[in-house]
Amino acid sequence: MGRCAVRLDRPTAGSVTINGREVTRLSRRALRPLRKDFHLVFQDPSSSLDPRMTVGAIVAQPLRLHRLASGDALRDRVAALPAQVGLRPELARRRPHELSGGQRQRVSIARALSVDPQLLVADEPTSALDVSVQASVLNLLADLQRERRFGCLFITHDLAAVEYLADRIAVMYLGQLVEQAPAAELFADPKHPYIQALLSAAPVPDPDAQRSRARIVLSGELPSPLDPPPGCRFHTRCPLAVDRCRTEPPALRGLRGLRGLAGGGGRQVSCHLVADDGTAPDASAP
Ligand code: SF4
């Protein structure tokens, strides 16, 4: 989905609209001037940075490709970028293998931000890093997003990172959206049984609260996304599944009376048992 959002892949169905412009069917040529508006930060900075290039050349590359700066203006912009992502200026002369994992990911972020994109797709940007540097990269992304006001599609399995960073969360199971909502609402009151189970498994810092809360243990293996189960894709593991779930796929539908973000489509869930007013069964007490 992230690759489709930046048109590295073309979706087989649906559409991608950026700034009111449908980009799904644009030709490569028509897409080229828009490319600077959306960028990806990949999971593993070791494989997404050219080992033969210096840091300075890496962050200058998008500016050159999009012809956004040259000569002194290019030099000035490139010289300013390392400091903006918390790197010492002298690192601009180093190559990726001379940097730590956290520094390499900062270079990836600097490269993506060099052209002031409107949308940044960050694909598990901290999962290849030591735990000790994950927080600093998350803080950097949060600060940059606040200062520069770009949209950020942050893809992760890390619930704590989502809670810290996200304004709005869309949760997927086997390649399909099962719920989307403003972050605080989703964490306070998850409607979909899968998300209730996910949140029940996340550790909480208070040992008393951790001991006393209900834990939902999902049974069964995750089915293959290439051969998903019929009906609701979650029915093979859902503690609340009823007969209807085995044959009829639930639609992703909006819930009445629940706050949504402007233009964000409100709160949506795909489960037969969640009522239109948001009343949902508790998967910990089936
Ligand atoms: S539709 Fe049925 S199987 Fe799917 S999440 Fe809801 S209750 Fe569970």
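The protein chain in this predicted model contains 12 helices and 9 strands. Its C-alpha atoms fill a box of roughly 65 × 50 × 35 Å along the principal axes. The chain has 286 residues, of which 27% count as buried. Of the contacts between residues at least 6 apart in sequence, 55% join residues at least 24 apart.

The chain is divided into two parts by the domain assignment: domain 1 covers residues 2-166 and domain 2 covers residues 171-269. The C-alpha centres of domain 1 and domain 2 are 30 Å apart.

A helix pair comes next. Helix H4 spans residues 55-65 and helix H5 spans residues 71-84; the two pack with their axes 9 Å apart, at an angle of about 120°. The crossing of H4 and H5 is right-handed. On the H4 side, the residues that meet H5 are Val55, Gly56, Val59, Ala60 and Leu63. Their counterparts in H5 are Leu74, Arg77, Val78, Leu81 and Pro82.

The other local feature is a strand pair. Strand S6 (residues 168-173) pairs with strand S7 (residues 176-182) in the antiparallel sense, over 6 bridges. S6 and S7 form a hairpin, and 2 residues lie between them. Leu174, in the turn, has a positive phi of about 50°. Tyr173 has Gln176 in S7 as its bridge partner.

Technical notes. Residues are numbered from 1 along each chain as its sequence is written. This is a predicted model: local features need pLDDT of at least 70, side-chain atom pairs count only at pLDDT 80 or more; totals for chains, interfaces and linings use all residues. Helices (H or I, at least four residues) and strands (E, at least two) are DSSP runs, numbered from the N terminus. A residue is buried if 20 or more other C-beta atoms lie within 10 Å of its own, exposed if 12 or fewer, and partly exposed in between; C-beta atoms are placed from the backbone. Two residues are in contact if their C-beta atoms, placed from the backbone, lie within 7 Å. Two strands pair if DSSP finds at least two bridges between them. Domain bounds come from an automatic or database domain assignment. Axes are lines fitted to C-alpha atoms, for helices over the stretch in contact, and angles run from 0 to 180 degrees between N-to-C directions. A crossing is left-handed if the near helix is turned anticlockwise from the far one by less than a right angle, and right-handed if clockwise.
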